[in-house]
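Have the sequence and the model open as you read.

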Amino acid sequence: MNSRFLCRNTGISGAAIVDRRPIGDERGYLERLFCAQDLQILTQGKEIVQINHSYTRHRGTVRGLHYQYAPFLEAKFVSCIYGEVYDIAVDVRADSPTFLQWHAERLSSDNHRTFFIPEGCAHGFQTLTGDCQLIYMHTAYYSPDFEGGLHPQDPVLAIPWPLPLTDISVRDASHPFIEDGFKGL
């Protein structure tokens, strides 16, 4: 049986782009968002334990950059099922060869692309259209007591957001800058 996915590495250690392969005809298509058997090379035997759906109303909104500390380190698969986003992973693993490097990918309902973000990476995105909807599949449960974040406008990261930031939560705007003593996970 052929895999419904094509996986490509990124510049971040362990991160990958998963191109989903819809099967369609004149009526539309069916696509698999996840298959444990086909994607076990990425999950390394960890199970998906939580699936979240987010909706972001306005174009230009930035959410993130979020991560979780041990023992709630999480890998996640992120897919945009409506609209388009500029999705980012930042490696925050102090012992990683790609520490503080980031990779961005455009995810959309049209390109059928999923971003696999490994444990120890911060995640965020900017909406490129209004009314964006994302599906997140996580290998760990969300734990607010073990959550951390980086400021999305950190000059050390110098992320070139494609649009002016039109909306960001108070919480995300309050995340520290790397130069404020961030040591990594």
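Here is a short tour of ring pairs, then cysteines.

This is a predicted model, with local features needing pLDDT of at least 70, side-chain atom pairs counted only at pLDDT 80 or more, and totals for chains, interfaces and linings using all residues. Residues are numbered from 1 along each chain as its sequence is written, and side-chain values use heavy atoms, leaving out hydrogens and water.

Searching the whole structure turns up seven aromatic pairs (rings of Phe, Tyr and Trp, the latter by its six-membered ring, with centres within 6.5 Å; planes under 30 degrees apart are stacked, over 60 edge-to-face, the rest tilted). Phe34 and Phe77 make an edge-to-face pair, 5.3 Å centre to centre with 70° between the planes. The two sit 43 residues apart, Phe34 in the loop between β4 (28-30) and α1 (36-43), Phe77 in strand β7 (residues 76-82). Helices (H or I, at least four residues) and strands (E, at least two) are DSSP runs numbered from the N terminus. Elsewhere, ring pairs join Tyr67, Tyr69, Phe99 and Phe182 into a cluster.

Now the cysteines: the disulfide count is zero, taking a disulfide as two cysteine sulfur atoms within 2.5 Å. For Cys80, the nearest cysteine sulfur belongs to Cys132, 5.1 Å away. Cys121 is too far for a bond, because the closest cysteine sulfur, in Cys7, is 16 Å from its own.

For accessibility, buried means under 20% relative accessible area, exposed over 50%, and partly exposed in between (1.4 Å probe, protein chains only).

| Residue | Relative accessibility | Class |
|---|---|---|
| Phe34 | 24% | partly exposed |
| Phe77 | 0% | buried |
| Cys80 | 0% | buried |
| Cys121 | 5% | buried |
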